[in-house]
Amino acid sequence: MIITKDILWKGIIEDLFDDFLWYFFPDFAENEVDFKQKFEFLDKELDSLMPENKKGKRYADKLVKIPIKDKKIRTKYLLLHIEIQGYKDDDFAERMFEYYYRIRDKWNIPIFTLVLYTDENIDFQPISFHESCGETTLSYHFKTFKLLEKSEIDLNIDKNPFSIVMKTAYNSLQKSLISDDKQLVWKITLVKELIKEGYSNDKIRNILNFIRFYTQFNDKSNTIQLNSAIQKITKQPKNMGIEEAIKTALIEYGEEKGKIEGKIEGKIEGKIEDAFGMFEEGLSIEAIARITKLPKETIEKWYKDWKNSK
């Protein structure tokens, strides 16, 4: 499995969903959300509504069923559709509307939407879809958040760990901060900020992985420096190096947490894709054999195939 940004976004939103709601919808979170009940993530159902979108470019999208306090309304739930859009798409607004009417048709529950634009094009920010025919007119508007328009100060919300997530994504868009030395500095700074706030161990671990993998170093030795700094800052008895982080990501963002063996026993094409992604990350053949629990000879053969494909 290649640890792509869409995997990281989907994972961190689900892992920190309470904080996500307080970050983007503070009034709604305070006045309407019933946090005593569980949220239901409907990602598989969402994918099935528009399978044609999964054949081309990948999208980081989520659909969440949110329990609300007001039991007088008939549904007792609302649906939140989240899109993380990382590139310019001329058909994006129409696609958002297609999602809306297909979701409404399936669940018949009120829907609200957030689009988080993480792309590098300052002029790209659709906020609505319009269509008219004769004297019939349709307008669909949705809430947007353009990361490139913000500053680090804008992104900071006191005592909300999702601020660290947003600042990680923001820094990755800054051309002046992408070099290995600058990247190492701001990643370590964010790790210090994260630890200082005293969040739970689960939240810290999930955000650390987001910081590690959202942008990649050109020189793998900087990954070692970052992990060493994290070990000192968090006072971990053992350095959570790249191998363990990859394994953690496979577990956390896989189809079922803690069952990595079951995932590996899937189709052979999936196994090869996983291994190729780890080759890209610079893991050794021995490390990949340990992580995947496959014979070393198999990994060596796939490594040769990967090298020949480059």
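Over the face of which residue does Lys5 lie? Lys5 lies over the face of Tyr214, at 4.6 Å from the ring centre, where a charge counts as sitting over a ring if NZ of Lys or CZ of Arg is within 6 Å of the ring centre and within 35 degrees of the ring normal. This is a predicted model, in which local features need pLDDT of at least 70 and side-chain atom pairs count only at pLDDT 80 or more, while totals for chains, interfaces and linings use all residues. Residues are numbered from 1 along each chain as its sequence is written, and side-chain values use heavy atoms, with hydrogens and water left out.

**Aromatic pairs**
- Rings of Phe, Tyr and Trp (its six-membered ring) pair if their centres lie within 6.5 Å, and planes under 30 degrees apart count as stacked, over 60 as edge-to-face and the rest as tilted; by this rule there are 26 aromatic pairs.
- The ring centres of Trp9 and Phe210 are 5.2 Å apart and the planes stand at 70 degrees, so this pair is edge-to-face.
- Because Trp9 belongs to helix 1 (residues 5-15) and Phe210 to helix 9 (residues 201-214), the pair ties together parts that are 201 residues apart in sequence; helices here are DSSP runs (H or I, at least four residues), numbered from the N terminus.
- Ring pairs also link a cluster whose members include Phe17, Trp22, Tyr23 and Phe162.

**Burial**
- Trp9 is buried, with a relative accessible area of 2%, and Phe210 is buried at 0%, where buried means under 20% relative accessible area (1.4 Å probe, protein chains only).

**Another charge over a ring**
- The charged end of Lys106 is placed over the ring of Trp107, 5.4 Å from its centre.

Key: Helices (H or I, at least four residues) and strands (E, at least two) are DSSP runs, numbered from the N terminus. Buried means under 20% relative accessible area, exposed over 50%, partly exposed in between (1.4 Å probe, protein chains only).
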